[in-house]
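Thanks for asking me to look this one over. Here are my notes, in numbered points, to read beside the model.

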Amino acid sequence: MSDHGSGRLPLPRPPLALSLGTYIGGTVLFAIALVVLSSVHLGPPRDLVALVVLCGMGLLSQVLAEPNVGSRVAFSFLSIILLASIPIVGPVGCAVVAGVAMGLQPGHVFPRVRLFNTAMHVVVGALGGLLYLACGGAHDLHTVNGAGPLLLQVGLPLLVADAAQMLVNAALLAGIMHVDSGVPWRVIFVRMATNSGVAYLGYGVIGFLFVTLWVPADVGPFSALLILAPLFVARWAFVQYGDEQRSHESALSALVSAVETKDPYAAGHSARMAILCQWIAEPLSLGAQEVQALWFAAMLHDVGKVGLPTRIVRRPGEMSRGDLAVLEKHPDRGADLVSGIDFLADSLEGIRHHHERYDGRGYPTGLVGEAIPLAARIIAVADAFDSLTMPRPHRPALDIAEALAEMERRSAIQFDPRVVEALRRATERHDWTPGDVDADTLAAMTGYFDHDDPEASDLAARLRTLEDPSADSEPVAPQLPQLPQLRQLR
């Protein structure tokens, strides 16, 4: 990776395997140190029966875990078990429950992934337990009598421990994702903490109920069965949500396939766009819902092409001003096409306005600057960058530095400068792999009018300033490979 356009050499990153190994090793050592120090000062868990039951529930939570309830969402109730373990078996016992659940997690898990997950959960459990005690949490639940003391000596400290476990979990995960991908730790941490905050609040309530049933209500280990019932219901609800999400993804795939069937030269473009837009969103600190809406919009930004004549979409040969006017309808048609799909409601503006220009000379409505929806400004930048880094009959592919230089030259003219800067930062953090076009495909593309090429945007903007309506049949770019009219009109 390089620091394009800044004149500075980037600091070399250590080999990824070494960085990951160091991070995982440090997490393991921290987990061991926490358990040893806690054992020395607090002693081992006293209630071995409770420890065995909680370890069994921890393992059961992993057996019943649903790893895919939709995009980047998983369900497991291990966090509830760890939270309840704190007052019942103490910080050391909580760490043991975490270690057993993750260390013996069923299924094929890569050894280093299992090692890190185990160490991370041990740290989460031990630190949560220590903070619970530091906040005045009751060490022996049998000494707590009455609703008031139960809330003050168990409920409130457990709430603090709940928040601490969420933050520590997010911090450690953000750290390893930062080491692995180079994405800023703060961006990942804020996103994870924001996404999981509400869920952990629910975990805290159920965990407190579990603890109350176990000791103050004197139900004992049987309380595990009472708690499992609502957890099974919650798991069922998450699985239904996952089925719905997967149906969304299937619909998305079908729409993308329709676009690529209509325009075979755009194969893979939608998937690359979605990835690149997600990368650009990282420095801009978009929220999870905004990123998801952006992802959908990027995947479907050209879906309106399915409603255009095939001759114009594939553009074999000359293209008239009238043809160009028809092509420019695809953003509106795309937004209209998916407007009745509920889960795409937040993506419509990104689809409709992704060909607007920062200077107001874009289409379909000529929005200017910040009036253009942010998602559309991001898609516009990603669209042009993907085009520039691919070979076309009229030019070779630009390398990343050249493409960034062209994008920066167009900042505040065609593109939002802030989004272009986010693109530059994204290419420094991630390895961009442009689309591949073989020699035969490239030869077959002769006459292909790439409307995503920034120069094509200049051509369309310039033609809209001409006032000769009789010129609708005049060829505007006999072949984009030469762009003769374009260069005359710029």
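This is a predicted model: local features need pLDDT of at least 70, side-chain atom pairs count only at pLDDT 80 or more; totals for chains, interfaces and linings use all residues.

1. Now the overall picture. The protein chain has 19 helices and 0 strands. Of its 490 residues, 50% count as buried. The accessible surface of the chain is about 21,800 Å², and carbon and sulfur atoms account for 63% of that. If you take contacts between residues at least 6 apart in sequence, 71% of them join residues at least 24 apart.

2. Which residue does Glu-406 pair with in a salt bridge? The partner is Arg-409, with the closest N and O atoms 2.8 Å apart. Both residues sit in helix α15 (residues 400-409), and because they are 3 residues apart there, about one helical turn separates them.

3. Asp-458 and Arg-410 are both buried. Through shared partners, salt bridges join Arg-357, Asp-359, Arg-361, Glu-406, Arg-409, Arg-410 and Asp-458 into one network.

4. The count of salt bridges comes to 17. One of them is between Asp-302 and Lys-305, at 3.8 Å from N to O. Are these two side chains buried or exposed? Asp-302 has 3% relative accessibility and so counts as buried, and Lys-305, at 1%, counts as buried too.

5. On helix packing, I would look at α3 (residues 78-103) and α5 (residues 147-181). Their axes come within 11 Å and cross at roughly 110 degrees, which means that α3 is roughly perpendicular to α5. On the α3 side the contact is made by Ser-79, Leu-82, Leu-83, Ile-86, Pro-87 and Cys-94, and on the α5 side by Leu-158, Ala-161, Asp-162 and Gln-165.

6. A few backbone details deserve a look. Most residues other than glycine have a negative phi, and most peptide bonds are trans. Tyr-363 and Pro-364 are joined by a cis peptide bond, with omega about 15 degrees, and Pro-364 lies in the loop between α13 (348-352) and α14 (374-388). Ser-285 has a positive phi, near 55 degrees, and is found in the loop between α8 (269-281) and α9 (288-300). Ala-412 has a positive phi as well, near 70 degrees, in the loop between α15 and α16. Ser-285 is partly exposed at 40% relative accessibility, and Ala-412 is partly exposed at 44%.

7. Last, the surface. Leu-29, Ile-32, Val-36 and Val-40 make a nonpolar patch of about 400 Å². Among them, Val-36 is in helix α1 (residues 16-42) and is partly exposed, with a relative accessible area of 45%.

Terms used: Residues are numbered from 1 along each chain as its sequence is written. Side-chain values use heavy atoms; hydrogens and water are left out. Patches are made of residues with over 30% relative accessible area and no salt bridge: like charges are joined within 9 Å, nonpolar side chains (Val, Leu, Ile, Met, Phe, Trp, Tyr) within 5 Å. Accessible areas come from the Shrake-Rupley method with a 1.4 Å probe; for residues, only the protein chains shown count as cover. A salt bridge is a side-chain nitrogen of Lys or Arg within 4 Å of a carboxyl oxygen of Asp or Glu. Helices (H or I, at least four residues) and strands (E, at least two) are DSSP runs, numbered from the N terminus. Buried means under 20% relative accessible area, exposed over 50%, partly exposed in between (1.4 Å probe, protein chains only). Axes are lines fitted to C-alpha atoms, for helices over the stretch in contact, and angles run from 0 to 180 degrees between N-to-C directions. Angles under 35 degrees count as roughly parallel, over 145 as roughly antiparallel, 65 to 115 as roughly perpendicular and the rest as oblique. Contact means heavy atoms within 4.5 Å.
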